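Me: Please take me through the terms applied to this structure and show, for each, how the value meets its definition.
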Amino acid sequence: MAIKIHALLCLGLVLRLMSVASAISGTATYNTIYYPSACYGNEDEGVMIAAASDDLWDDGAACGRMYTVTCTGPTNQGVPQACRDQVTVKIVDRCQSPQCQATLDLSH
């Protein structure tokens, strides 16, 4: 019995230490109007913020989620290397269809 408990504790520890990550392909736009946000109203949540599209919004459960964004292609203006680094943004708002044409609407 003690061996089973020990094995379950070890398995639980290993599973806890594993990182679950996934990647989705999408588009990003940027906005210059940040307040009020659907998640935090007029609270300042910093400068690395974004609005989530309907696909990511999840009835508001997306509020506070962090996404690491990596540029994988040129901009729509044809700039071949528009971004060079990854950025991590916090979801603070909703980018609602049909006016939202992006997966994430990033802060400028």
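This is a predicted model: local features need pLDDT of at least 70, side-chain atom pairs count only at pLDDT 80 or more; totals for chains, interfaces and linings use all residues.

Reply: Residues are numbered from 1 along each chain as its sequence is written, and side-chain values use heavy atoms, with hydrogens and water left out.

Me: How do you know which helices and strands the chain has?
Reply: Helices (H or I, at least four residues) and strands (E, at least two) are DSSP runs, numbered from the N terminus. By that rule the chain has two helices and five strands, and from the N terminus on the elements run α-β-β-α-β-β-β.

Me: Why are Cys 39 and Cys 63 called a disulfide?
Reply: A disulfide is a pair of cysteine sulfur atoms within 2.5 Å. The S to S distance of Cys 39 and Cys 63 is 2.0 Å, so the pair meets the cut-off. The link of Cys 39 and Cys 63 is left-handed, with -80 degrees about the S-S bond. This pair links distant parts of the chain, 24 residues apart: Cys 39 is in the loop between strand E1 (28-31) and E2, and Cys 63 is in the loop between H2 and strand E3 (66-69).

Me: Why is Cys 63 called partly exposed?
Reply: Buried means under 20% relative accessible area and exposed over 50%, with partly exposed in between (1.4 Å probe, protein chains only). Cys 63 has a relative accessible area of 28%, so it is partly exposed. Cys 95 and Cys 100, by contrast, are buried.

Me: What makes Ser 53 buried or exposed?
Reply: Ser 53 has a relative accessible area of 6% and is therefore buried. Ser 53 lies in strand E2. Contact means heavy atoms within 4.5 Å; leaving aside neighbours within four places in sequence, Ser 53 is in contact with Cys 95, Ala 102 and Thr 103. Across the chain, 19% of the 108 residues count as buried.

Me: What makes a set of residues the largest nonpolar core here?
Reply: A nonpolar core is a set of buried Ala, Val, Leu, Ile, Met, Phe, Trp, Tyr and Cys residues joined through side-chain atoms within 4.5 Å. The largest such set has 10 residues: Ala 50, Ala 52, Leu 56, Trp 57, Ala 62, Val 69, Val 89, Ile 91, Leu 104 and Leu 106. Strand E2 (49-53), helix H2 (54-57), strand E4 (87-95) and strand E5 (104-107) each supply at least two residues of this core. In soluble globular proteins, nonpolar side chains tend to be buried together. Among the residues that Trp 57 touches, not counting those up to four places away in sequence, are Ala 52, Ala 62 and Ile 91, as well as Cys 39, Cys 63 and Asp 93.

Me: Where does Asp 93 sit, and which residues does it contact?
Reply: Asp 93 is in strand E4. Leaving aside neighbours within four places in sequence, Asp 93 is in contact with Pro 36, Ser 37, Ala 38, Cys 39, Ala 50, Ala 51, Ala 52 and Trp 57. Asp 93 and Gly 41 are 52 residues apart in sequence and 9.0 Å apart in space, C-alpha to C-alpha.

Me: Which peptide bond is cis?
Reply: The bond from Ser 97 to Pro 98 is cis, with omega near 5 degrees. Pro 98 is found in the loop between E4 and E5.
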